[in-house]
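Hi everyone, thanks for coming. I'd like to walk you through a structure today, so please have a look at the sequence and the model on the screen.

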Number of protein chains: 2
Amino acid sequence: MYRCLQSCLPKVHHEFTSWRHLSAVQSKISKFESILGKEAVSTKEAIRMQYARDEGHLLPHPPTVVLLPKTVEQVSAILRVCNEEIIPVVPYGTGTGLEGGSVSLEDCVCLSTTAIEGGICELNEADFDVSVRPSVTRKELNAFIRDTGLFFPVDPGADASLCGMVATSASGTNAVRYGTMKENVRNLEVVLADGSIVHTRGERGRPRKSAAGYDLTGLFTGSEGTLGIITKAVLRLHPRPQAQSVALCHFPTVADAVNSVVETMQMAVPIARIEFLDEVQVAACNKYSHIELQEQPTLALEFHGQTVAEVEQQAKTVGEICTSNNGSAFQWATEPEQMDKLWTARHHAYYAAVAMRTGAAGFITDVCVPISKLAETIVQTRNDLDATGLKGAIVGHVGDGNFHVTIPVFEENEEEMKMVHAFSDRLVRRALSVGGTCTGEHGIGVGKIHYLEEEFGAAGLQTMKMIKKALDPNNILNPGKIFA
Amino acid sequence: MYRCLQSCLPKVHHEFTSWRHLSAVQSKISKFESILGKEAVSTKEAIRMQYARDEGHLLPHPPTVVLLPKTVEQVSAILRVCNEEIIPVVPYGTGTGLEGGSVSLEDCVCLSTTAIEGGICELNEADFDVSVRPSVTRKELNAFIRDTGLFFPVDPGADASLCGMVATSASGTNAVRYGTMKENVRNLEVVLADGSIVHTRGERGRPRKSAAGYDLTGLFTGSEGTLGIITKAVLRLHPRPQAQSVALCHFPTVADAVNSVVETMQMAVPIARIEFLDEVQVAACNKYSHIELQEQPTLALEFHGQTVAEVEQQAKTVGEICTSNNGSAFQWATEPEQMDKLWTARHHAYYAAVAMRTGAAGFITDVCVPISKLAETIVQTRNDLDATGLKGAIVGHVGDGNFHVTIPVFEENEEEMKMVHAFSDRLVRRALSVGGTCTGEHGIGVGKIHYLEEEFGAAGLQTMKMIKKALDPNNILNPGKIFA
């Protein structure tokens, strides 16, 4: 899965300034040691290789040195040195990204954020918020607050660092009801390129809303480490639903399934999850997760409410919509174990799809379109995929208009990779042509850089670059990501 | 209401560059005429006075010239000229702001956005979105889409321009369920200081979510005309609830009422509106709007749902909470006329409070605190107000932790004004000390400038200034607003 797609590796072109001093990082190692202590500075091959990759399809490229600061003041001190010496810094959380956002591209410092001490710093149950350091993952947080009646809903497939999820503006299966990271961050502590420590809502701020000043919280959310390093996040929590139920529904065609989603959204049912798996994906999940679903286009649905009656009402409405679109009767998962098994299988959909070809690597796409364009976009994508002869699985958070195609690939096969890239290009352009976006949740990283201008236009891209240049004039923060 | 509080007028200090050429605007009038046509360029005293004020408490200060562009290309051409000549430009929508955000401070161009043609450009019912030009107000939009089953929920007191509402990050009574402008904008067309036209989500983009690039939409939302002029907004619509009900509940004390709100939020009831009016505000509304409410601390509640049962369940839960906090039995407004009358009275609360003293001007505050700090903050504020001897009314969107104090003032009375400002200062600091913000929805404008550094710290403020400088290096866009 980690082998190289040479064609994905961008030329790191420095339009802001040139930092390419091959000896710069090496020459500062003793300085880093004096800031962090020797044990937190590593140039060992094995350690560097641990921080060389994410879960996407880029060549592992080890950083020159891995730094493990324990405090925000240490992060600040490191950045001051790197900014003076114009040394590139790649922030690294759990390394679970898919587009190369935390991958080292050349001679650089890898700043691992997960050693920063503090973990879960402050839980305000009454205000539904919690502040966490980068070491805390989404599953750890939810385990910690299990007894409070609250939960954090954003759930990308991986058990990612929550601060890393802020950096990539992650989402997942619950976003249709609870929003993405964008809607679930109240404040951030960020260290800028010059070492200054910024609190995007002030040092203590955690109001539900504010009209004071520029929305720095929103600006850093999804900035993929290119504007600052997130060292703490105040996150919004949600009450755990008092009642919930999970159902599966199978459909004869992709269009029937997707049309059911579209109608559900248009009826404004506050559904918690509405996930689509096409027949190829269902078959892959059956095999990988040892489940036995009917191998047809399928929706996995979850209903949340404060009362059983509310949940039943939602299920009744959606059931009627599905029936009118030729859906099967709902198969209910009622026991917590059944629900867990189903959603675990869904979260493993990517690995299941990759496993369809023994020894293959995974290539995954990620687009998002307006709901009204979803059925035609998925049908065209399935037809396109079939016409190429590639074996790919379609899965998605379709309530948001967001879906993925996972293609198991042999990257040595140049002909095949050319086809895969051409297919992915056509998919992105299909999404953009109907008012969609080149990425719903994986981010730009390295893999989507060449679509940014197409999506935002020259003026939009230029505006982003002006902001980057203002906050990181030496281009030391995660250079070569988002922008070419 | 429009008389001057001299102490509020900031010294417009230009740290970026100096544009103070007294003749610069005059010398370009023929240029503006050649771009717009003579009829769209006005230096007449009467017209200039129309654009000299907002609804807050700043001295009317007429701009040098009022420009009424009809197209975004004309806006772009004007800004190019102003940027070259370093002429300040104050964007002006409906002029319904309260903190002086659209008020001219000195020799400048007032660019009225409401003549831009197009109105409601594109309604996508299936995707719940609509794109509007600045001429469209919130009430006009809701009248236009009345038959679609959709509505736009954000409702500041005034019938403001929707694009202006984006610029100030407005909210209102529905924000507790439907969010503020921040959560309800999908794309913006913005003209930057250099005349470039940016689409924050690309020219056609309107996905429900995206992880592509920096969140420019969020950055311009609430930037109060200091980063660019908003010429079009793609807004998110919501399904009109199938069932709704409105109730009033009276309480013996402020603390009882506010504690009911806090518990309602903590029980995660998806309440649509939960508005607090203290006894002084209720008495003022009774007199001003010819209604007859019990003159006690009062909550006005609105429940939305897809079924009557859902609404009844919400009302039952909240009813029990209110009873346990010594609230009266709910008084129901069931007929649309009754509901309208009640919410109109609520929307006129500011005018009602000002009318408590004949001939007085209005001074209104706006803070927002975490829910757990709301009861103590409001109680302390009422005690503080009473101790000063000022007659003020407290009202607020308390489900968000947001509340206002309206004080009718005689601005000629220096002693009184000193007391009012000192009270307002103490209120803001009380809010900040418990993790709140100096403005929940009115914005910084001119009136709140001196709190920005206190709220965000030097590094946070500096970050905002770096962004401002990057996008508007000559400081021509609404100078003297947000930043001193």
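Let me start with a question: at what angle do helix 9 of chain B and helix 14 of chain B pack? Before I answer, please keep in mind that this is a predicted model.

The angle is about 155°, and the axes of the two helices are 9 Å apart. Helix 9 covers residues 254–266 of chain B, and helix 14 covers residues 374–388 of chain B. That angle makes helix 9 of chain B roughly antiparallel to helix 14 of chain B, and the crossing is right-handed. On the helix 9 side you will find B:Val254, B:Ala255, B:Val258 and B:Asn259. They meet B:Leu374, B:Ala375, B:Ile378 and B:Val379 in helix 14 of chain B. By class, that contact has seven nonpolar residues, one polar and no charged.

Now let's stay in chain B and go to another pair. Helix 2, residues 29–36 of chain B, and helix 4, residues 72–85 of chain B, cross at roughly 160°, with axes that come within 10 Å. These two helices are therefore roughly antiparallel to each other. Helix 2 of chain B contributes B:Lys31, B:Phe32, B:Ile35 and B:Leu36 to the contact, while helix 4 of chain B brings B:Gln74, B:Ala77, B:Ile78, B:Val81 and B:Cys82. Seven of the residues in this contact are nonpolar, one is polar and one is charged. Here, too, the crossing is right-handed.

A:Ser260, A:Glu263 and A:Thr264 of helix 9 meet A:Val318, A:Ile321, A:Cys322 and A:Ser324 of helix 11. That contact divides into three nonpolar, three polar and one charged residues.

So how do the chains themselves fit together? A rotation of 180°, with 0.0 Å of shift along its axis, superposes chain A on chain B at an RMSD of 0.0 Å. The two copies are thus related as by a two-fold rotation axis.

And how many residues does the contact take from each chain? It takes 84 from chain A and 84 from chain B. Between them the chains bury about 6,100 Å², 63% of it on carbon and sulfur atoms. A:Arg208, A:Lys209 and A:Tyr214 supply 16% of the area that chain A buries against chain B, more than any other three residues. Finally, 100% of the interface residues of chain A are also interface residues in chain B, so the copies meet through the same surface.

Notes. Residues are numbered from 1 along each chain as its sequence is written. Chains are lettered from A and ligands numbered from 1 in the order in which they are written. This is a predicted model: local features need pLDDT of at least 70, side-chain atom pairs count only at pLDDT 80 or more; totals for chains, interfaces and linings use all residues. Side-chain values use heavy atoms; hydrogens and water are left out. Copies are superposed by least squares on the C-alpha atoms of residues with pLDDT of at least 70 in both. Contact means heavy atoms within 4.5 Å. Helices (H or I, at least four residues) and strands (E, at least two) are DSSP runs, numbered from the N terminus. Ala, Val, Leu, Ile, Met, Phe, Trp, Tyr, Cys and Pro count as nonpolar, Asp, Glu, Lys and Arg as charged, and the others, Gly among them, as polar. Axes are lines fitted to C-alpha atoms, for helices over the stretch in contact, and angles run from 0 to 180 degrees between N-to-C directions. Angles under 35 degrees count as roughly parallel, over 145 as roughly antiparallel, 65 to 115 as roughly perpendicular and the rest as oblique. A crossing is left-handed if the near helix is turned anticlockwise from the far one by less than a right angle, and right-handed if clockwise. Buried area is the accessible area (1.4 Å probe) that two parts lose on being put together, summed over both.
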